[in-house]
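Work through the exercises below with the sequence and the model open side by side. Each task is followed by a solution in steps.

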Amino acid sequence: MSGRDRHSGRGGALISMLGGALCIVTLAIGSTTQAETLLPPQDVRVHDTPNDGGGSLTVRWAPAGYDGPEVLYEVWLEDAAQKNTTDVGVGARTLVASFPSDTRYVRDLRLPWWTRSSSPDFHQYEIKASAEAALVDGHLYAIAVAAVRGSERAETRLGPVVSQPNWVNWKQLNNFALMVLFGLGLFGCIHAARRAQGQNRDIFLRRIPGLDAVDEAIGRATELGKPILFLTGAQDMGAPSTLAAAVILGRVSKRVAMYETDLIVPHRNPIVMAVCQEITKQAYLEAGKPDAYKEDSNFFITEDQFSYTAAVDGIMLRQKPAANFFMGYYYAESLLLTETGASTGAIQIAGTDADHQLPFFVTTCDYTLIGEELYAASAYLSREPVQVGTLRAQDLGKAVILAVLVLGAGLASMGVWLDAQWPAYLLDLFRDVK
């Protein structure tokens, strides 16, 4: 082959390559131009937000090929009360949202699977009553969703639509089902406790040393001929810890009545004092010792925190009770009370759900009921079937919750590891969605 032929072949190949590259660039430009064509949002749906208390509208629309950070979606709210058609264009128009078009998808809302009404890839925005969107239930509104890129704009309008409250929040259906299951378990445990009592069997309850020591403390006070001091905490009768303390007082009073030991119950709330007087009196009646009851065993001192503390410390130092019970909720006075009691050599049993005071009680008392042990004391001391069954149902419920936490952590990790969606369907059964 001659040199001229070789050069001609090379030139033809170069021209072919340039032509192919030009075609590719042309196709790419054409496809890019076509992909970037700004069209109005498609398949737009607007309706009253389900599962809420009103004052909200939900807008959904299909994803578009131009979705990306350079394109914005705008959601407009318009008063359509003056129109009787589906046309939009009358009334004050308000921009309620503007966000990048690659955000706010249905899948980002983490709705439970039984309430999803559209594809997870759809966009969704919830218009709520606020200063920017003055939504009124029962009023007619129209909605516009616009795609904006620079000076380009494409819009879809819908209406009218009305917001209204809903009777049922179906997102909480799983919570309702779990509540029903727990209720059935509760009644089952109570029935089992009653049957066990009828068969003279005991249902196992975890041993609580502080409550086992109640009889020991009362017996020691009886042997020494010294009184028993019982405090019900710093809060009123509306506090659960005060109610628990009053219940324990009833059990302690019944034992004290049987041994005919003196009982001292100073109060800093007059309502609590009145309730505890009746509880103590009833305990003496149940023990068959109504004549041993003393009206002044429950008495009021003052509502002032440290004045009350000083008065109780004085009682401890003067009368030197053999056993001190600190039940209920306490504040800064806890250490002042228990240190004084410890200095007199008394057996001290405390019970509180005030976690910030637990270190002081644990340090200065012989036995301490921590947290929920205070609420379990009544069932533990009385062995009454309803209370024992309720306590057992609570323990079983906690065991189920712990199992669900472990299982949920495993399913969530498996879903990420396998890049699968099915674990999410199981996790939705235990998710609390407002």
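Helices are DSSP runs of H or I with at least four residues, strands are runs of E with at least two, and both are numbered from the N terminus. The model is predicted.

**Exercise 1. The chain as a whole**

Task: State how many helices and strands the chain has, and what share of its residues is buried.

Solution.
- Step 1. Counting the runs gives eleven helices and 13 strands.
- Step 2. A residue is taken as buried under 20% relative accessible area. Of the 434 residues in the chain, 41% are buried.
- Step 3. Turn to the contacts with a separation of 6 or more: 69% of them join residues 24 or more positions apart.
- Step 4. The chain has an accessible surface of about 23500 Å², and carbon and sulfur atoms contribute 59% of that.

**Exercise 2. Aromatic rings**

Task: Classify the ring pair formed by Trp113 and Trp114.

Solution.
- Step 1. A pair of aromatic rings is described by the distance of the centres and the angle of the planes.
- Step 2. The structure contains ten aromatic pairs. For Trp113 and Trp114, the ring centres are 5.3 Å apart and the planes stand at 90 degrees, so this pair is edge-to-face.
- Step 3. Consider the exposure of each residue. Trp113 has a relative accessible area of 38% and is therefore partly exposed; Trp114, at 23%, is partly exposed.
- Step 4. Elsewhere, ring pairs join Trp61, Tyr73, Phe99 and Tyr125 in a cluster.

**Exercise 3. Charges over rings**

Task: Find which charged ends sit over the rings of Tyr105 and Tyr380.

Solution.
- Step 1. Over the ring of Tyr105 sits the charged end of Arg107, 4.3 Å from the ring centre.
- Step 2. Over the ring of Tyr380 sits the charged end of Arg383, 5.2 Å from the ring centre.

**Exercise 4. Two packed helices**

Task: Describe how helix H4 and helix H5 cross.

Solution.
- Step 1. Two packed helices are described by the angle between their axes and the distance between the axes.
- Step 2. H4 covers residues 240-259 and H5 covers residues 270-286; their axes come within 8 Å and cross at roughly 35 degrees.
- Step 3. The crossing of H4 and H5 is right-handed.
- Step 4. Residues of H4 that meet H5 include Thr242, Ala246, Leu249 and Gly250. On the H5 side, the residues that meet H4 include Val272, Cys276, Ile279 and Thr280.

**Exercise 5. Residues in loops**

Task: Decide whether Val106, Thr103 and Thr344 are buried or partly exposed.

Solution.
- Step 1. Val106 belongs to the loop between strand E4 (93-100) and strand E5 (123-128). Its relative accessibility is 6%, so Val106 is buried.
- Step 2. Leaving out residues up to four places away in sequence, Val106 touches Arg60, Ser118, Ser119, Pro120, Phe122 and Gln124. His123 is 17 residues from Val106 along the chain, with 5.9 Å between their C-alpha atoms.
- Step 3. Thr103 is in the loop between E4 and E5. With a relative accessible area of 28%, Thr103 is partly exposed. Thr103 is 21 residues from Gln124 in sequence, and their C-alpha atoms are 9.2 Å apart.
- Step 4. Thr344 lies in the loop between helix H7 (333-343) and strand E12 (347-352). Its relative accessible area is 18%, so Thr344 counts as buried. Apart from neighbours within four places in sequence, Thr344 contacts Met316 and Leu317.

How values were computed
Residues are numbered from 1 along each chain as its sequence is written. This is a predicted model: local features need pLDDT of at least 70, side-chain atom pairs count only at pLDDT 80 or more; totals for chains, interfaces and linings use all residues. Side-chain values use heavy atoms; hydrogens and water are left out. Buried means under 20% relative accessible area, exposed over 50%, partly exposed in between (1.4 Å probe, protein chains only). Contact means heavy atoms within 4.5 Å. Accessible areas come from the Shrake-Rupley method with a 1.4 Å probe; for residues, only the protein chains shown count as cover. Rings of Phe, Tyr and Trp (its six-membered ring) pair if their centres lie within 6.5 Å; planes under 30 degrees apart count as stacked, over 60 as edge-to-face and the rest as tilted. A charge sits over a ring if NZ of Lys or CZ of Arg is within 6 Å of the ring centre and within 35 degrees of the ring normal. Axes are lines fitted to C-alpha atoms, for helices over the stretch in contact, and angles run from 0 to 180 degrees between N-to-C directions. A crossing is left-handed if the near helix is turned anticlockwise from the far one by less than a right angle, and right-handed if clockwise.
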